Amino acid sequence: MTAPVSPGVATTRSGAPLPLVALPQGELLTVNIDQIPLLKDAIAPGVHIQPLRLDPERGEWVVLGTLAPGCELPMHYHTGPVQVWTIQGRWTYREYPDQVQTAGSYLYEPGGSVHTFYCPEDNTEDTIALAWIEGAAVNFNEDGTFHSALDAVSAQYRTETVSAAQGTGPVGYIHGGAAGVIKS
């Protein structure tokens with residue numbers, strides 16, 4: 001990433017002045033999923049991810065998930081909102097079996113939602129979904145006791161440790177704040 005430009009007046013291509021820009025952008029912060037390795041079983045068995053943006057400063061994490069038929073996450077509570085766009089396949093929450101998410105579905109969950117994610121075992125293909133998560137997912141065991149928590153910081157840690165264990169090398173994703181894009 002190039003160094004940030006000092007605050008100043010930006011202009012259009014024709015030279016017309018724009019409002020004062022406090023944090024001008026020196027380059028686009030962009031990644032391509034074709035250049036991000038699939039981190040297998042990074043969250044749970046059958047839950048593979050490609051991190052796109054892990055922003056510990058804002059507590060946001062954006063991942064592209066490839067989800068195997070039959071995979072499941074523990075029951076969890078979201079401290080912030082979650083947005084999920086299902087690109088391929090289908091999944092649902094055990095608590096809402098009649099509200100199956102299929103290719104083309106967009107789901108918005110307000111903070112405080114509690115549910116158990118799973119992909120039906122009879123899926124004939126992997127499910128692919130883009131998830132934008134704010135805050136943490138606090139996971140629980142079947143008996144209601146604390147299991148674990150996953151947030152932008154722990155997602156970043158998992159990305160680094162799973163990537164190293166799987167030999168995929170550094171993973172390029174957008175990081176929060178002034179750090180820009182972590183180059184792979």
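Aspartate 41 counts as partly exposed because its relative accessibility is 43%. The scale runs from buried (under 20% relative accessible area) through partly exposed (in between) to exposed (over 50%), with a 1.4 Å probe and protein chains only. This is a predicted model: local features need pLDDT of at least 70, side-chain atom pairs count only at pLDDT 80 or more, and totals for chains, interfaces and linings use all residues. Residues are numbered from 1 along each chain as its sequence is written, and side-chain values use heavy atoms, with hydrogens and water left out.

Stay with aspartate 41. It is not a glycine, yet its phi is positive, at about 55°. The residue sits in strand β3, residues 39-44. Strands here are DSSP runs of E, at least two residues long, numbered from the N terminus.

Now turn to an open sheet. Three strands make it up, in the order β9-β8-β12, with antiparallel pairing. β9 (101-102) and β12 (117-118) each have a single partner strand, so they stand at the edges and one side of each lacks a neighbour in the sheet. Pairing requires that DSSP finds at least two bridges between two strands. Strand β8 (residues 90-93) and β9 run antiparallel and are joined by two bridges. Tryptophan 91 has glutamine 101, in β9, as its bridge partner.

Last, the cysteines. A disulfide is a covalent bond between the sulfur atoms of two cysteines. The rule used here asks for a pair of cysteine sulfur atoms within 2.5 Å. By that rule, the count is zero. Cysteine 71 is in no disulfide, and its nearest cysteine sulfur, that of cysteine 119, is 3.9 Å away. That 3.9 Å is too far for a bond. Cysteine 71 counts as buried because its relative accessibility is 4%. Cysteine 119 is buried too, at 1% relative accessible area.

Key:
Helix = DSSP H or I, 4+ residues; strand = E, 2+ residues; numbered from the N terminus.
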